[in-house]
Each structure stands twice: as structure tokens, then as C-alpha cells.
Amino acid sequence: MNFRTDLAIEAREFLTEKEIPGITSQDSQIGNVQVSTIQVHSQEAAHRLHKPIGTYITITVEAFSASITAADDAVEAVCSSLRRLLRRRGLTLVVGLGNHNITPDALGPLVTEGILATRHIQGAAASAAGLDTLAPVAAISPGVLGQTGMETSEIIGALVDFVKPDQVIVIDALAAQNPQRLGRTVQISDTGISPGSGVLNRRKELSRSTLGVPVISMGVPTVVDSTTLAHSVLEQAGASLPPPTSQSAMMVTPRDIDTLISRSAKVISLGINSALQPDISREDLIYLTM
């Protein structure tokens, strides 16, 4: 099938078999938030799913743009899911991919604005401020090729070589097949990411194989391919159609995308801060990043 999606949970739904060798799944609940985990164990399973071997955690929440009442549950789900994939206690580099000037693509830059950067707080200064238990964190939003003239992979690769983080967390906007997932799904994975893949502009991947350190990717679907959307709408109306044979150059985004991006960025940044700084209360983290 040629449906356009970055979500492993949707790719799994395309496969009609209930059980597939090399793929395991598990569902859990955190408050009102559903957490689904898919693990891909073999190359054959990865080929069938069109996803690399690894763990894919999907968090389904009430639409970020509709309500903030479930924000605490969403933050806890992001925090606990991220902690499952964090490998080391050393320096973490948080990278926000995307273009700040294009709202559906602004998730990464907005998340980095809310990250508590602590790499520069060390020694006596940290002790004097009562922050001597802080985990070291650095954050950057490298922009896009059209703004910098440099591939994101070149910028992050050079930064990793110089700063030498123990792990990298990358945030980017994603594409979904089901429009109902726009703005109410967070995907977290330990397989890295290909910048721009959500809008059919795939660049060199950011992963352990390219950067030399573990890479955790996080994202929220903000767009759907128009051909895929039209096919889904007609299918829901009862039309019997073959799968789309091509993808269009047009992407569709919700009309409340501004609120969606703003609120999801706040949930994700607070979830990341909580996972990386377990000794600081969420109230203090909010205060420190205002």
C-alpha cells in the first residue's frame, strides 16, 4: 500500500494479520491517555512494517487543540515513555527540527524553547543555586536547509562531534494517514528520524548509525497527504477503492493548527524536562522555563 504515514501504529494497522512474527505490541493506560507500544525485533518484520528495528511508543490523547484538562496525564505519559528509552545519565542534546516560520512545521523549534538547558550550570554556581543535582542538557533548533544552506545532519553531526552528548532527543512534526490522529498522537521511538519525511522532503537520517550515539525521536502528526486523506474519506463513506498509487505534493493541516502546535509543544517540552530532571518538581520546572 502507498498510504503516507510516519506512525508505526498506522503502519501496523495496514497489516491485516493479528500476529506477525518479529512484531509485539502492548497497550496500557495512564489516566485518560492510551499508550501503545510496538516492538520490531527482526529485519523481516521491519521490512513488512517499513520501519527500522526498534521500539515505537504511541501516546493517544484528547486533541491538544480542544482541551487542556488532560494535560497532566499527557505530560506523565510522555515522561514515563521517554524514560523507558533513555539509556544514559550523561549529557543529553535536544534537537528541535523544523521551520519556526511555518506553523505545521514549528513543533521542534517551539519544544526547544521550553527545554531547561543546564550544560552551562556546573560546579559552585550549581551548588549555590541549589541545582547541583541537575542532569546536563543542551538544546538547539538548527533550522532548515533553505534557511541555513546546510543539511540538518551536517549541523547536528558537527555539534555531536564537538559537544559529545551521551544521547540525542530529536523532535519533529510528522504526517499521519488518519486525520483523526492529527494533534492527538505523540510518537516516541529509539530508531532516530529522517528530517522532512513528514512533508515528502526526506533528508539524511539522524540515528545511532549516523551520529554514533543513541537517538530518540519524538513527534506529533500535524499534516496528512491530500491523496491519502481523500481516499480515507471516501472509504469511510463506504466506497470500495484500491489503495492510492501515488502521493500528492499537497499536505492538509487542521484549521486550529496554531493552538495544536503551541499546546503540544508545551506538553512535550515539560515531559522531556521531567524525564531528564527527575529530582525537580513539575511546578519548579515550569517556573524555571517560563
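Me: How many helices and strands does the chain have?
Reply: We're looking at a predicted model of 290 residues, of which 51% count as buried. As for its elements, the chain has nine strands, and its helices number eleven.

Me: Among contacts between residues at least 6 apart in sequence, what percentage join residues at least 24 apart?
Reply: A contact here needs heavy atoms within 4.5 Å. Taking contacts between residues at least 6 apart in sequence, the share that joins residues at least 24 apart is 72%.

Me: Which element has the lowest mean pLDDT, and which the highest?
Reply: The chain averages a pLDDT of 85, and 86% of the residues score at least 70. Going element by element, the lowest mean is 67, for helix α5 (residues 123–128). At the other end, with a mean of 97, sits strand β4 (residues 92–96).

Me: Is serine 153 buried or exposed?
Reply: Serine 153 sits in helix α7, which covers residues 152–163. Leaving out residues up to four places away in sequence, serine 153 touches Lys204 and Leu206. Its relative accessible area is 14%, and the cut-off for buried is under 20%, so serine 153 is buried.

Me: How many residues of α10 are buried?
Reply: Helix α10 takes in residues 257–276, and from first C-alpha to last it reaches 28 Å, close to the 28 Å expected at 1.5 Å a residue. The helix is mostly covered. Out of its 20 residues, the buried ones number 15.

Me: How many salt bridges does a search of the whole structure find?
Reply: Side chains of opposite charge can pair when their charged atoms come close. The cut-off is a Lys or Arg side-chain nitrogen within 4 Å of a carboxyl oxygen of Asp or Glu. Searching the whole structure turns up three.

Me: What is the N to O distance between glutamate 13 and arginine 181?
Reply: Arginine 181 counts as buried because its relative accessibility is 13%, and the cut-off is under 20%. Its side chain meets that of glutamate 13 in a salt bridge, N to O, at 3.2 Å. This pair also links distant parts of the chain, helix α1 and the loop between β6 and β7, 168 residues apart. The N to O value is 3.2 Å.

Me: Which helices does the salt bridge of glutamate 76 and arginine 282 link?
Reply: These side chains meet at 2.6 Å, N to O. The partners are 206 residues apart, and the helices are α3 (residues 71–85) for glutamate 76 and α11 (residues 282–288) for arginine 282.

Me: Is histidine 50 buried or exposed?
Reply: Histidine 50 is found in the loop between α2 (43–49) and β3 (54–60). Although not a glycine, histidine 50 has a positive phi of about 60°. Its relative accessibility is 65% and the cut-off is over 50%, so histidine 50 counts as exposed.

Methods:
Residues numbered from 1 in each chain as written. Predicted model: local features only at pLDDT ≥ 70, side-chain atom pairs only at ≥ 80, totals over all residues. Heavy atoms only, no water. Helix = DSSP H or I, 4+ residues; strand = E, 2+ residues; numbered from the N terminus. Buried < 20%, exposed > 50% of the residue type's maximum accessible area, 1.4 Å probe, protein only. Expected span 1.5 Å × (residues − 1). pLDDT = per-residue confidence, 0-100.
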